[in-house]
Amino acid sequence: MSERSGGKDAGRNVTGFLLIAVPSVVVLVLLFLAVPYYAGASARITKLYTNLAVPADQALAPDIAAYSHDMDTSLAAAKLDLQKQVQAETSFDNQLGDITFPPAPDPHADLLIAADQKRIKLIKLQMQAKTLRKLRSFNARDLAANATVEEQVTIIRQDLGLPPASGHLY
Amino acid sequence: MSQRDIVQEGHYPYPEPPYTEGSYQAGNGYQEAPYREAPYPADDYPEAFYPEYEEPEQPKPKARKKKSIDAWMAKQSTNLPRFKRRSIALFFLRLPVFVPWFFILRGWLSLNAKDVLTLSEADVLGTGGEFFLLACVSITPFITLTGARWYAPLRRWYGIFFALIGISDGTTAAITTDFDGGIFGRLAGHTFLVTGFLIVLMAIPVLLTANTPAQRRLGTYWKKLQKLTYVMWAFLVLHLALLDGFRPFDGPQGDGDPVFHQRFYQAMAISLPLVILRLPPVKRWITETRAAGQQWKVWCAIAPMAALYVLAFAFVINEEFFTGLQVLTLHPPAN
């Protein structure tokens with residue numbers, strides 16, 4: 001009787017052990033896989049940034065080119081070009097704010113957003129111009145605001161291991 | 001001859017009690033019970049939010065070591081002699097329940113300034129409620145695993161505050177979120193909202209009966225009612241599955257670890273060891289292994305799942321603090 005119950009207990013013990021051990025082995029494999037995944041976080045952040053910057057640049061490039069043409073010919077068209085720039089930059093800033101950057105580029109991302117906001121404010125002011133001459137008078141200040149943005153972009157790209165944004169804003 | 005007559009004549013009708021040699025001396029009158037007193041009074045609400053728990057068998061060889069943790073916690077504190085160590089530890093372990101409300105308070109007081117409640121209340125109160133429900137159902141496996149019972153009252157405490165946080169989450173969501181369909185739409189306009197709303201509805205009777213008078217009044221029904229906790233647990237996992245799906249988050253959110261931030265995966269990682277440690281064969285194996293003085297085997301076997309559990313909880317806490325600070329500083333996410 002005791003032998004029978006002893007054998008039964010041993011069987012139960014094996015079941016209990018296996019119910020812990022098998023999932024533990026599976027979890028151990030998952031944890032080993034998690035290490036390289038976690039190590040790849042910075043590469044994924046770089047990709048997140050690129051996924052924002054490339055479409056934003058693609059959206060801005062024709063608007064900037066159109067503005068360069070329209071600022072001498074049509075006030076309404078030039079204002080529309082500026083409006084499109086504001087939309088593209090606002091969208092970029094909103095999405096950039098959702099990325100949690102590593103410690104090195106993180107403050108520069110905040111500075112970039114701040115510089116972009118100043119630029120947007122300036123463009124909105126420019127859009128209130130009544131004449132083409134008045135509109136063009138903002139160009140120098142626009143270039144100065146662009147330079148601040150580009151400065152932060154250069155640092156962020158450097159920290160993320162990206163090449164400089166040659167010919168593009170972001 | 002009746003049984004009473006036999007006893008009166010000195011013929012005890014039952015087998016002799018297992019007194020050790022020399023412990024019983026005829027004629028000495030009252031004999032002290034040969035077992036020790038419990039180191040602290042039993043939990044007043046031992047089964048609140050924990051309906052199925054059965055006292056595991058207390059294996060004799062290791063019983064002294066197991067009790068020593070509880071006994072140590074039952075002693076007066078060295079630095080604060082007016083309080084027991086257990087009371088001090090429980091006091092600090094009870095405090096985190098106020099964290100979600102601390103984070104959301106500014107959003108409430110500012111009447112949803114900058115849409116902080118619209119954008120983040122579910123992340124703060126929902127994650128807070130999730131944390132304390134999972135903490136509540138973690139207590140029993142911890143007892144199974146360690147044999148210590150001094151933290152058993154936390155089960156009821158975390159359960160009660162899970163319900164209160166859930167109710168405040170539902171109320172805030174009904175007022176501030178921007179789903180179509182009025183209050184009903186905001187509470188149950190999507191499948192994931194329906195599951196969340198049902199969790200809150202189920203939490204109400206469990207909360208109202210999580211006390212001794214209700215336990216006495218309801219009798220055997222009380223235990224069945226408290227088993228709703230497990231239904232809520234299952235609904236929580238379903239709620240998160242419907243909310244986040246099976247894929248990592250899309251878009252630019254996050255810090256480059258989208259899989260770790262996936263709330264359904266987090267809930268599964270936490271729930272897996274808790275479910276396994278509730279299985280009777282597993283409980284039996286742990287008890288017997290500990291009784292054989294081989295607790296290390298238990299720790300080795302459970303270590304990977306414990307690591308996953310801690311990792312998942314770390315990301316739940318990270319989510320709570322990240323979104324909580326956004327609300328506290330009135331800087332909600334853009335979307």
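**View 1. B:N112 sits in the loop between helix 4 and helix 5 of chain B.** This is a predicted model, in which local features need pLDDT of at least 70, side-chain atom pairs count only at pLDDT 80 or more, and totals for chains, interfaces and linings use all residues. Residues are numbered from 1 along each chain as its sequence is written, chains are lettered from A, and side-chain values use heavy atoms, leaving out hydrogens and water. Helices (H or I, at least four residues) and strands (E, at least two) are DSSP runs, numbered from the N terminus. B:N112 has a positive phi of about 65 degrees, although it is not a glycine. Is B:N112 buried or exposed? B:N112 is buried, with a relative accessible area of 17%; buried means under 20%, exposed over 50% and partly exposed in between (1.4 Å probe, protein chains only).

**View 2. B:L111 lies in the loop between helix 4 (99-109) and helix 5 (116-136) of chain B.** Here, too, is a residue that is not a glycine but has a positive phi, of about 55 degrees. B:L111 is exposed, with a relative accessible area of 73%.

**View 3. Chain B has 15 helices and zero strands.** Of its 335 residues, 45% are buried. Take contacts (heavy atoms within 4.5 Å) in chain B between residues at least 6 apart in sequence: 69% of them join residues at least 24 apart.

**View 4. Chain A meets chain B through 25 residues of chain A and 31 residues of chain B.** Together the two chains bury about 2,400 Å², 71% of it on carbon and sulfur atoms. Buried area is the accessible area (1.4 Å probe) that two parts lose on being put together, summed over both. Which residues of chain A lose the most area to chain B? They are A:I20, A:Y37 and A:D98, together 26% of what that side buries.

**View 5. A:R44 and B:D257 join their side chains in a salt bridge (3.3 Å, N to O).** A salt bridge is a side-chain nitrogen of Lys or Arg within 4 Å of a carboxyl oxygen of Asp or Glu. The rule finds one salt bridge across the interface of chain A and chain B. On the side of chain A that touches chain B, helix 1 (2-39), helix 2 (41-70) and helix 3 (75-96) of chain A each supply at least two residues. Helix 1 of chain A gives the most, with 15 residues.
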